[in-house]
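Here is a short tour for anyone meeting this structure for the first time.

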Amino acid sequence: MSRPTPLPDDATPLQAKNERIDAAISVLSHYLHGKEKALRLALICFFSNGHLLIEDLPGLGKTTLAIAIAKVLGLTFGRIQCTSDLLPSDITGLSIYNKNLSAFEFQQGPIFNHIVLFDEINRATPKTQSALLEAMAEKQVTIEGRTYDLPRPFFVIATQNPTEQFGTFPLPESQLDRFMMKISIGYPPRTAEREILKGGSKRKEIYSMEPVMDKDEVIEIQQCIKQRVYVSDKIIDYFLNVIAATRESKYLIAGLSTRGALALVQTAKTDAFFRKKDFVVPENLKELAQYILPHRVLFKEEYESADKKEIIRSILEEVPVPV
Amino acid sequence: MVKISSILQIITYLVVGVSYAAVFQYVETYYSASFASLLALSIYLNFNRFLKIPRWLLNSISLGVLTISALTITTEYLVEPVLGALLVLIAIKLLDDKAFRDYAQIFAMCVFVLIGSSLLSLSIAFLGYFSLTAVLATSALILLAYFAQDSEIAIQRRNLNKVFLQSLLICAIALPGSLIFFVILPRTNYPILSFLNREGYARAGFTDRINLGEIAEIQENNLVIFRAQMSPIDDQDLYWRGIVLDQFDGKSWKSGAVDTSSKPSLRRGPQVEQTIYLEPYGNRFLFALDKPQSILHRHVERAQDLTYSLSTYIDERVRYKAVSVITDFLVDQSPGHSRYVQLPADFSPRMERLVAELSHGRQGGETLQALLAFFRQGDFQYSMKNLPTTDNPLEDFLFQNRSGNCEFFASSLAVMLRMAKIPARLVGGYRGGYYNRAAGYYMVLQNNAHVWVEAYLPEKQGWLRIDPTLYSRADASVSPDHGVFMRLKLMLDTFNYYWYKFIINYDFSKQLALIRKLKATIQKPDVQIDLAKHQIKRYLLYLLAAAPAFLLICALYRAVRRRPHEKLMARFEGRMSQLGYQRKRSEGLEEFVARIEDRRVRVKAAQFVNRFESVYYRDLDFSSHEIQALQRRLNEL
């Protein structure tokens, strides 16, 4: 039987894991004023084994968010500032001749970290972008005929600036699909900003933050979500209805891909887990759809300038939930 | 979720119960009693698992039962002890721990018992028992397959229903298949081994020698003796003639030598045709409405006193056609009625005195009237209890008890007639019957058994039917019992009747004829459609009237079929809309609850929703406990 049998000895570890996540969030909230929502979404994305794309103006705390997540989860962190002269080997690493050993020695690039931040990914050339996206999908890199596994868990946070168009290479739709979620942090609320202004940047403190969990525990939680959160057939049908609605929508040229649908299920499970439940409800999807759908579907030209999240919401309005 | 082991237990007890029901009337009481007590014990042990009966004890009990049954077996009494022993063995098996093998053994033994019962009787009930056992055992075997994997396994109620449906389907396919054999194979009219059990029938039914008080024994029997297919006639004409008893020895009546040479002639009267299905009862006489003019049967022999008998004992169901003339008078011009005035020497001077007193100065018919007047005014009571059993029971009846059943009335009248030198004889048969209007036949039971008198009137040269029992008070035999139970019995008997008529008594030539007829009909369809216009209109009206009723039934069915979660949700949404909150179809429950402004309502609604979701979206079944809890939350809203 595939259902989670709600036995008492099962429930305890699930709850315990949940508390660890709560602890992580509460620690992080201390450092990331006014970014609670973005933080939650980033963690959902992370625990769903997906990658995150943040589209925002500079200086709103993208890097801080990425470093904070890496630190609190006890993971390594790497950062790459993308420019148009960035080469794939700058990301993956390259072999350098070692005179002492009289052999080539592989020097790992910054991608060999658990959490990798790609700042302004749309400034990199398509060649470099492809190399990165391939690494994201396969979770491994091949250099000079040898394949190196990337560390697990592996989580990419890419950022891009929506306003700058000059000298950028926008990511093609097919590659956007590789990001599980696309979010924006937005301006912090006035009170939060006041705190920041009074206390100054907390970047330094973040670097010295004590981790709440370690790598193995993170993987365990990821596994737990995947296996233990139950998705009823009714919910699967609801998901299928939503997917069908995007494919038939009058606002869209192309609907959701199967990979996108899979992302919906995975994130819904994680969302349920974050809400301390071991089963998925329709709200889990409705909550997250606006971060998962817009960058994966193609809008008709006349709706390009409209609020895309609003359109997605209106599509969801048409699908009845299973009750 | 239900545990398979407990379902298996229930099914096993049901199957055992069915096989017991099939044979309980045949097995001896002590087998029944030990079976019942062991069964009760096994049910008790199911609840009290700490108690355990050691295996050696069970084995020795089984051995004992087998020995007892082996000792009672004779060539004439073979099947019943074996069935009894099997029953007890099943009950013992139920006491034991049950693994796959034990369940299979129990089912096999139950099937043996059922098959054994078919050797004793093959009524329609057997078909019922058989189908029931087939369905139950099939579902049990399916469940056993799971049980063999894991004895603690549980199954969802929905899947359990599926299992039952499947086994129903299997049986629905298999049973009609076996019906084919039923049509093709020539059937035995009656259970194969019935010739072994003649004594059983002989005990219940008319014989050619009847001791006083013996009819009462027959009358206690509630079984059907025969069914007569005919149109209904007046109740007072319902005398079924069977046997004539002419020799009296003081305590019993006997049928003397039968004269088959001369032919009695009948007075003219309304003729009634009957088709009679006579159950086996252990003697040779055939029954028909008084006075039977002719009975059509291959081996029938007709006597001068209008009794019909077969040369062999009737130990299988017999069907025959009879034509009767409804009259109470039988013309008989043959000489020599001396044997009808025979009495044992010095039989009851007291009665002699009474008869002399009554017949003083009277002749023939007048004497008869005087004797009848004695019965009419004598304040005699009809009763089946406390029958006289002394040395001269008739005296007892006439002068002291004044209460008895038809035998005493008829015997004393016949004896008194003989004392007055009027030839008289007893006629045994049945009186009354229950008409089944649905199928058009009289059902006559053993407790309709009756005896009446025929007196010879020399001036009319014939025998007159006289039923002195009619003069008694509280004559129970005349007013037939029309209570609810009798009506129910009659209704159920319809099935039996058709079963015998169309299944058991159907022979191969008739089957072939039926097939030929079917073939001819198919080849040359001869269906005429000439519905008059008003008829068509009427049918249309019926149809129009039926349509809303049909829709109503459909709607009701859907309402009844609504699943618990639908009912709960409907109630929840109804309550919320009363409070002014309408859930949109695309709105999730939590979402809906979150936008409720009233804090108290929101908290209560959230409690309901959380509990509901945790069952519904986990795909769990709504247990009755869960439904009650949810209902409580709804009530609090």
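## Where the chains meet

A quick term to start with: a salt bridge is a side-chain nitrogen of Lys or Arg within 4 Å of a carboxyl oxygen of Asp or Glu. Keep in mind that this is a predicted model. By that rule, 6 salt bridges cross the interface of chain A and chain B. One of them joins B:Arg618 to A:Asp278, with 2.6 Å from N to O. Behind such pairs is a simple idea: side chains of opposite charge can pair when their charged atoms come close.

## How much is involved

How many residues does the contact take from chain A and from chain B? Chain A puts in 23 residues and chain B puts in 20 residues. An interface's size is often given as the accessible area lost when the parts come together. For chain A and chain B, the buried area is about 2000 Å², and carbon and sulfur atoms give 50% of that. There are also 14 residue pairs in polar contact between chain A and chain B, counting pairs with both residues at pLDDT 80 or more.

## A salt bridge inside chain A

Now zoom out to the whole structure, where the search over all chains turns up 33 salt bridges. Among them is the one between the side chains of A:Arg79 and A:Asp119, at 2.6 Å from N to O. This pair links distant parts of the chain, with the two residues 40 apart. A:Arg79 sits in strand S2 (residues 77-81) of chain A, while A:Asp119 belongs to strand S5 (residues 115-119) of chain A.

## A cavity in chain B

Searching the whole structure for cavities of 30 Å³ or more gives 2. The second largest cavity holds about 40 Å³ of space. Its lining includes B:Ile210, B:Asn211, B:Trp253, B:Glu407 and B:Val451.

Which elements of chain B each supply at least two residues of that lining? They are strand S3 (209-211) and helix H13 (406-419) of chain B. By type, the lining of the second largest cavity is made up of 7 nonpolar, 2 polar and 1 charged residues.

Two cis peptide bonds are worth a stop. In chain A, the bond from A:Arg152 to A:Pro153 is cis, with omega near -10 degrees. A:Pro153 lies in the loop between strand S7 (146-149) and strand S8 (155-160) of chain A. In chain B, the bond from B:Asp290 to B:Lys291 is cis, with omega near -15 degrees. B:Lys291 falls in the loop between strand S11 (288-289) and strand S12 (292-296) of chain B.

Last stop: A:Asn49 isn't a glycine, yet its phi is positive, at about 65 degrees. You'll find A:Asn49 in the loop between helix H2 (36-47) and strand S1 (52-55) of chain A.

Key
Residues numbered from 1 in each chain as written. Chains lettered and ligands numbered in written order. Predicted model: local features only at pLDDT ≥ 70, side-chain atom pairs only at ≥ 80, totals over all residues. Heavy atoms only, no water. Contact = heavy atoms within 4.5 Å. Buried area = accessible area lost by both parts, 1.4 Å probe. Polar contact = N/O pair within 3.5 Å; in protein donor to acceptor, adjacent residues only side chain to side chain. 1 Å grid on protein atoms, 1.4 Å probe; cavity = no way out; pocket = protein on both sides within 12 Å on 5 of 7 lines; lining within 4 Å. Points joined across faces, edges and corners; volume = space filled by probe spheres on them. Helix = DSSP H or I, 4+ residues; strand = E, 2+ residues; numbered from the N terminus. Nonpolar A, V, L, I, M, F, W, Y, C, P; charged D, E, K, R; others polar.
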